[in-house]
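Please consult the sequence and the structure shown here before reading on.

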Amino acid sequence: MVGISASSNQAPNVASQETSKVPARRVKTHAKATRRTLTLLVLPSVAALLLINAYPLIYATVQSLHSGTLINAGKFVGLSNYSTVVRDPAFWHAVRFTVAFTLATVLGSWVIGLGLALALRTDLPGRGIFKVLLLLPWVVPVVISATSWNSLLATPQSTLPRLLGAVGLGHPLFLADPTLAKIAVGAFEVWLNFPFMMLMISAALESIDKTIYEAATVDGATGWQEFIHITLPLIARSTYISWLLMTIFVVNDFTTIFLLTGGGPVNSTTTVGVLAYRAAFENFQVGQGVAIAFLMSLSLIVISTILYRRIRKVPIG
Amino acid sequence: MTAPADAQLTLITRPAVSIRRSITRWARFCLMIACTAIVLAPIGGVVVLSLRPGPQSHTSSSITLENFSYVFQHTQALRWLGNSLAVTIGTVIVSITIGAPAGYVLSRGRGKTVTAYSLLLFVVQALPVITGAIPLFILFSKLGLIDNLLGLGVIYVGVSTSVATWMMAAYMDSIPADLEQAAWIDGCSTFGSFSRIVLRNSLPGLLSTAIFTFLVSWNDYLVALIFIRSQDRYTLPIGLQSFFQQHTANWGAVMAMAVVMLTPPVVLFGLLNKYFSVGGIGGNGRRTERSGPPTAKRNGVLPHRSACTECGRQMEQVQLSSQSGRQRNSGRRLGLASAARFCGGILGYHPHARLLRRRCFRA
């Protein structure tokens, strides 16, 4: 045992007591060698992170202060890109939609994911198959799902408008009407993400001690009471974590909306991500595009920090 | 649970209860089938439409493979498939080669540097791809990597490395340090114990990381949309999308191409789904048989309780040193461990998160 604490759950001072039995010099050499090996092991990853992730970030910061296009760097303009963006009503429209969209889809996916996870926990015949099948929306490439949803929704001849027409609700054009397009995009996002919630909650449910339920049943608790007072509190931590992760997914998600509606009709489903893409790659205002993306990342980091602090206070269920 | 009167009560009411139970059980089963059918309708629609004869069809039967032959003969689908496969397989290999050792460091290492590194990983993960895409576009145009599959692969590696590292770290947390310690006593080096013990025992972790990186690059649309220009170098997602925009009416052919694109991930997922987990979230193979955290009953040892060093809360140790022969499978609470890691980067690890795994030396 050279310079190694027996197990991590012991306090550091225990570790140092143990190591003091071994000659100090050997401990030092070994620790040095270990540190060198670890550094070498992590080096490729750090290099990749710096090159492909950190460098563009720094470059983007510089770019957001310039009036450049994709080809030339342009002049230094200070914070004027940011002020242009913030004064643009289209930006605030996109922000409002993104917030509403994120809240609605995260909660929607959570409710559906929770329901399915609870159903899959029972003695359902063939639960393994259901579990795999219900994960499919998450595995199927978004491009395909978007194409498929398009074929179901887009034209009056599509399946869903025809079905609704047969019931007597007219032939609504889901992707042409602003309100309906918002609903369609939200439903699509929920459809894409509920499997993730289901996975998270299933994992949390599996870790609840069954004897708690037995005790509650003996005390005469109803199923609903068990759900409210046992299940929900015990999966609270996982719930908050899954909300945080999915918020990050949804806010950063550009592809879903871009493929289904392209941000239309009349910009009604334009999220901040779509706006950033449009600014940079369609209007060639790179500085503004980066500025929008930065404002978005900044608010994401703030929100995740707040949520994370909440999570820290929740005991592990 | 305790009183014999209780047992009697169960005995008396049992038949009635079990009949009602089986009725509700089958009702739930039917409800579940209905839910699954609704959920899978869009995917089923793709397959059904791809088999329907299109406008250019000559056959009278209702099911045909014509759409597939049309797609392969009249479009570049085969080429796009090859491009997609090449980029994806390259990405999977490279990001695992990078991610596995880094995950080992994250799992076993301790100290400020490691915390800073995990913070870097978190920030990178939380940033939208679009922020990085614009500067990389400018950089790559100077390096001649625009409209180049190599450039595409480089970006996919960058996008997936952070999550691959996390996933590997979460898995390696579940490999008991005892195994490594035994090797060190026998004179094994750190690298030796990594490659011979940890890596060799993390095949499920490697597979789920491979699936994840496969999905990232196979399904990506945004990066390919920005970086690939000429049709020859299209990957399937943008190929499908451009084909869809040109042939909106020809649903059969569009959906046939979609099925071509759908097959590899679904087959892979079907074969390996028992290993599948993202960021360690979700199940892994043996979980279903031995669900829940290790308990006294299961492992023959008492759950270890210890206080959180920060808030003093008493907590049950999740990872127990199993004394039975199933060390590898005991207490694999990957879900929380990795999710805590996922979020933990923001403010450094909370000791609760630390309690969830085993660390064996300081770095």
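## Salt bridges

In this predicted model, the side chains of B:Arg233 and B:Asp147 meet in a salt bridge, with N and O 3.4 Å apart; the term requires a side-chain nitrogen of Lys or Arg within 4 Å of a carboxyl oxygen of Asp or Glu. B:Arg233 lies in the loop between helix 10 (222-227) and helix 11 (236-246) of chain B, and B:Asp147 in the loop between helix 5 (129-143) and helix 6 (149-173) of chain B, so the pair ties together parts 86 residues apart in sequence. Helices are DSSP runs (H or I, at least four residues), numbered from the N terminus. B:Asp147 is buried, at 17% relative accessible area, while B:Arg233 is partly exposed, at 36%. Buried means under 20%, exposed over 50% and partly exposed in between (1.4 Å probe, protein chains only).

Over all chains, the structure holds three salt bridges.

| Pair | N to O distance |
|---|---|
| B:Arg233 and B:Asp147 | 3.4 Å |
| B:Glu180 and B:Arg108 | 2.7 Å |
| A:Arg278 and A:Glu282 | 3.5 Å |

Both B:Glu180 and B:Arg108 are buried. In chain A, A:Arg278 and A:Glu282 are four residues apart in helix 13 (residues 272-282), and therefore about one helical turn separates them. A:Glu282 is partly exposed, with a relative accessible area of 40%.

## A buried threonine

B:Thr213 belongs to helix 9 (residues 203-219) of chain B and is buried, with a relative accessible area of 0%.

## Conventions

Residues are numbered from 1 along each chain as its sequence is written, and chains are lettered from A and ligands numbered from 1 in the order written. Local features need pLDDT of at least 70, side-chain atom pairs count only at pLDDT 80 or more, and totals for chains, interfaces and linings use all residues, while side-chain values use heavy atoms, without hydrogens and water.

Terms used. Helices (H or I, at least four residues) and strands (E, at least two) are DSSP runs, numbered from the N terminus.
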